[in-house]
Amino acid sequence: MDIPVYLIAGFLDGGKTNFINGILEDGFAREDKTLLLCCEEGEEEYNQKALDNVTVVTLENEEDLTCSFLKECEKKYKPRQVLIEYNGMWQMERLYRDVLPANWVLYQIMCMVEASTFESYAKNMGQLMMEKITNADMLVFNRCTPELRESLRKRNLRMVNRRADIYLENNDGTSEDYLTGDECPFDMSQDVIDIPDDDFGVWYVDVMDHPDRYKDKMVHMKLVMCHSKNFPGIDCPGRFAMVCCEKDVTFLGLIARGSGLDQYKNHDWMEVTAKMGVEKHKAYKGLGPVMNVVSVGPCEKPAQEVVSF
């Protein structure tokens, strides 16, 4: 039976234990027997009142965290889910590659960061810090002041991790979304903005929300051809995307113009370089992005044909 694993990463004083206490007190382990692996002893302690259905196992040395040890824990404690409070000084790649048993499925990575120490860690332990930032599904900066919030937003962390939900926890206990609506997830200073295969969904949302941001910019990406039935004569290449589940797959297309597009049939894969424009079109029911194709050629389909968000 697959066992979901929730990984809480970050450095000392980042708020990992407080976060775990919070979700346990909210009933995270109320229904399912839970194994909590503690790989770091911090100043905070687990709330004993929230550990009724939780087995806590502490590891002090990285070499003790092995696949065979985890299988022994599975046999002994029979957990239905696992929480790992991971040591900030340990590489996460080893955990993915060598440690987690095949049936221990990594469901979510949450990274907790003490906002006032972020710059120092990023400067002095950049590889360790950025590994956690780039792999996180949820990123929380704790103990933020107005100055720290401004500084973090200026770094535009969306360019480092385009998928994570990012939150700023303030000193007064309130929380706010990192995004203000002005951040761009791509480096706009490039001569040609390369859209990675896995990030088309992120780019599509951004270009549809902010078409003027990309006006006159050159972009490059892999797309699948679609000749619109609703709008005859219109080429609208794009990508299929899974919005929320496998049964909910939709096509995300953009109006495109340029020589050579008519050589491609529906579902043909092609590599496109285009200059973006903004035009009013009935397909958009108003203004929307238009790809003015500069070059196009056949290509192999991406490893993951359907993009996700």
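Let's start with aromatic pairs. Rings of Phe, Tyr and Trp (its six-membered ring) pair if their centres lie within 6.5 Å; planes under 30 degrees apart count as stacked, over 60 as edge-to-face and the rest as tilted. By this rule, there are nine aromatic pairs. Take Y86 and W90: the ring centres sit 5.7 Å apart and the planes stand at 90°, so this pair is edge-to-face.

Before going on, the ground rules. This is a predicted model, where local features need pLDDT of at least 70, side-chain atom pairs count only at pLDDT 80 or more, and totals for chains, interfaces and linings use all residues. Residues are numbered from 1 along each chain as its sequence is written, and side-chain values use heavy atoms, with hydrogens and water left out.

Are Y86 and W90 buried or exposed? Buried means under 20% relative accessible area, exposed over 50%, partly exposed in between (1.4 Å probe, protein chains only). Y86 has 0% relative accessibility, so Y86 counts as buried. W90 has 7%, so W90 is buried as well.

Next pair: F118 and F141. Their ring centres are 5.4 Å apart with planes at 85°, so this one is edge-to-face too. F118 belongs to helix α4 (residues 118-124) and F141 to strand β6, so the pair ties together parts 23 residues apart in sequence. Helices (H or I, at least four residues) and strands (E, at least two) are DSSP runs, numbered from the N terminus. Both F118 and F141 are buried. Elsewhere, ring pairs link F200, W203, Y204 and Y214 into a cluster.

A nonpolar core is a set of buried Ala, Val, Leu, Ile, Met, Phe, Trp, Tyr and Cys residues joined through side-chain atoms within 4.5 Å. In soluble globular proteins, nonpolar side chains tend to be buried together. The largest core here has 32 residues, and F200, W203, Y214, L254 and M291 have the most contacts inside it. Who supplies it? At least two residues each come from α7 (200-209), β10 (218-224), β13 (255-257), β14 (269-281) and β15 (286-298). Helix α7 gives the most, with five residues.

Look at L254. Contact means heavy atoms within 4.5 Å. Leaving out residues up to four places away in sequence, L254 touches F200, W203, Y204, V207, D235, C236, P237, M276, Y284, P289 and M291. There is also a second, separate core of 22 residues, which includes I3, Y86, W90 and L100.

Now the sheet. Two strands pair if DSSP finds at least two bridges between them. Eight strands form an open sheet in the order β3-β2-β4-β1-β5-β6-β7-β8, with mixed pairing. Its edge strands are β3 (54-58) and β8 (175-177), each pairing on one side only. On average, neighbouring strands of this sheet are turned by 20° against each other, direction ignored. Within it, β2 (residues 34-38) and β4 (residues 81-85) run parallel, joined by five bridges. T34 stands opposite Q81 in β4.

Helices pack on this sheet. Axes are lines fitted to C-alpha atoms, for helices over the stretch in contact, and angles run from 0 to 180 degrees between N-to-C directions. Helix α1 (residues 16-25) touches β1 (3-10), β2, β3, β4, β5 (104-114) and β6 (138-144), and makes about 155° with β4. Helix α6 (residues 146-154) lies across β6, β7 (165-170) and β8, at about 145° to β6.

What does its side chain reach? A polar contact is a pair of N or O atoms within 3.5 Å; within protein, one must be able to donate a hydrogen and the other to accept it, and residues adjacent in sequence count only if both atoms are side-chain atoms. The K16 side chain makes one with the side chain of E40, at 2.6 Å. It also reaches the backbone oxygen of F11 at 3.2 Å.

Further along, β11 (residues 238-242) pairs antiparallel with β12 (residues 249-253) over five bridges. F240 has F251 as its bridge partner in β12. Strand β11 also pairs in the parallel sense with β16 (residues 307-308), over two bridges.

Last, the overall numbers. The protein has seven helices and 16 strands. Of its 309 residues, 47% count as buried. The C-alpha trace spans about 65 × 45 × 30 Å along its principal axes.
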